[in-house]
Amino acid sequence: MAVLEILKYPDPRLRQVAKPLEQVTDETRKIVESMAETMYAANGCGLAAPQVGIDSRIFVIDAAGEGEPSDLRVFINPEIVKTEGGLTWEEGCLSFPGATEEIRRAERVTVKALDQFGNPFELQADGLLAIAIQHENDHLNGVLMIDKLNALRRRLVSRKVSRALQEEASQS
Ligand code: NI
């Protein structure tokens, strides 16, 4: 297990469309463990493999509220098969430090995926979990939250991120 480096916008690797896994193996489980560790270390509620430079269709989510027991969920080769409703949610992303933006999403989703043991499952989700599934699934397709914004917001977010990264660099 290891805490991995999280790629930050505008790293071009965040734009790649990730490859499906042919098999879920011990190696996959190691990747999943490291991704979960990385997500928790960064205080995030979701992380997709392309954000740590891994070209695979995997993401992890923990949408438990503060003070609730952790609720790690693993999605391998996920497919959103149904969306319903719509809402606006204030989202952040570990690849966009210092930025949160209101983004329009479906309110409920049904997703099919494999878990870390290769077992298929289907899940209906709403609330933060539904938002996180849509956000992380976008990452697997090289789609980022900034793509959902108008040109002005995109410029502002881009500026916020470069400022946050500069501050980070000057502190280390
Ligand atoms: Ni993200």
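# Reading local features in a predicted model

Q: Where is the place of Ala18?
A: Ala18 sits in the segment before α1. Elements are DSSP runs numbered from the N terminus: helices (H or I, at least four residues) and strands (E, at least two). This is a predicted model, in which local features need pLDDT of at least 70 and side-chain atom pairs pLDDT 80 or more, while totals for chains, interfaces and linings use all residues. Residues are numbered from 1 along each chain as its sequence is written, and side-chain values use heavy atoms, with hydrogens and water left out.

Q: How is burial read, and is Ala18 buried or exposed?
A: Relative accessible area decides: under 20% is buried, over 50% exposed, and in between partly exposed (1.4 Å probe, protein chains only). Ala18 has a value of 5%, so Ala18 is buried.

Q: Which residues is Ala18 in contact with, beyond its neighbours within four places in sequence?
A: Contact means heavy atoms within 4.5 Å. Ala18 is in contact with Pro50, Asp55, Ser56, Arg57 and Leu140.

Q: Where is Asp55 found, and what does its side chain make a polar contact with?
A: Asp55 belongs to the loop between β1 (46-48) and β2 (58-62). Asp55 is partly exposed because its relative accessible area is 31%. With residues up to four places away in sequence not counted, Asp55 touches Val17, Ala18 and Lys19. A polar contact is a pair of N or O atoms within 3.5 Å; within protein, one must be able to donate a hydrogen and the other to accept it, and residues adjacent in sequence count only if both atoms are side-chain atoms. The side chains of Asp55 and Lys19 make such a contact at 2.6 Å. The C-alpha atoms of Asp55 and Pro10, by contrast, are separated by 17 Å, and these residues are 45 apart along the chain.

Q: Which atoms are the protein donors of the nickel ion?
A: Donors are N, O and S atoms within 2.8 Å of the metal (3.2 Å for Na, K and Ca); water is not among the atoms, so sites may look incomplete. Here the protein donors are Cys93 (SG), His135 (NE2) and His139 (NE2), at 2.0 to 2.2 Å from the nickel ion. Their spacing along the chain is C-x41-H-x3-H. Both histidines, His135 and His139, lie in helix α2 (residues 127-140), four residues apart, about one turn of the helix. His135 is buried at 6% relative accessible area, and His139 is buried at 1%.

Q: How many aromatic pairs does a search of the whole structure find?
A: A pair of aromatic rings is described by the distance of the centres and the angle of the planes. Rings of Phe, Tyr and Trp (its six-membered ring) pair if their centres lie within 6.5 Å; planes under 30 degrees apart are stacked, over 60 edge-to-face, the rest tilted. The search finds three pairs. The Tyr9 and Phe96 rings have centres 4.8 Å apart and planes at 25 degrees, so this pair is stacked. Tyr9 lies in the segment before α1 (26-41) and Phe96 in the loop between β4 (87-92) and β5 (100-105), so the pair ties together parts 87 residues apart in sequence. Both Tyr9 and Phe96 are buried. Elsewhere, ring pairs link Phe59, Phe75 and Phe121 into a cluster.
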